[in-house]
Amino acid sequence: MKRLAASLAGHPATRFLALTAAASLLTYAGLLRDEEHLADFLTGGFEGSEEVASLEWSLQVEVFKRYSTARP
């Protein structure tokens, strides 16, 4: 899992990655340029992808509010 997390964290599309205490071990948010890039990513376009047993994904259709928190 550490290798997968490091690979996802270093991927240029990654915007957010967190280890969770939930059914899914990792929560990931990425920005992919088009459907082809998304398909490549979802079918193993990153190192460590063979460690993925399952995934759940969704596409943002419209953003109603975006925020960020300041770092200390």
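**Exercise 1: the pocket**

Strand 2 contributes the most to the lining of the largest pocket, giving 5 residues. The model is predicted: local features need pLDDT of at least 70 and side-chain atom pairs count only at pLDDT 80 or more, while totals for chains, interfaces and linings use all residues. Residues are numbered from 1 along each chain as its sequence is written, and side-chain values use heavy atoms, with hydrogens and water left out.

Task: work out how much space lies in the largest pocket and which residues are closest to its centre.

Solution. Start with the volume, which is about 1,600 Å³. Next, take the 40 lining residues (those with an atom within 4 Å of a pocket point): Thr27, Tyr28, Ala29, Gly30 and Glu56 lie closest to the centre. Finally, list the elements giving two or more residues to the lining: helix 1 (2-10), strand 1 (14-19), strand 2 (26-30) and helix 2 (35-42).

**Exercise 2: the chain**

Task: find the order of the elements from the N terminus on, and say what share of the residues counts as buried.

Solution. Then read them off from the N terminus as α-β-β-α. For burial (under 20% relative accessible area, 1.4 Å probe, protein chains only), the share is 18% of the 72 residues.

How values were computed: Helix = DSSP H or I, 4+ residues; strand = E, 2+ residues; numbered from the N terminus. Buried < 20%, exposed > 50% of the residue type's maximum accessible area, 1.4 Å probe, protein only. 1 Å grid on protein atoms, 1.4 Å probe; cavity = no way out; pocket = protein on both sides within 12 Å on 5 of 7 lines; lining within 4 Å. Points joined across faces, edges and corners; volume = space filled by probe spheres on them.
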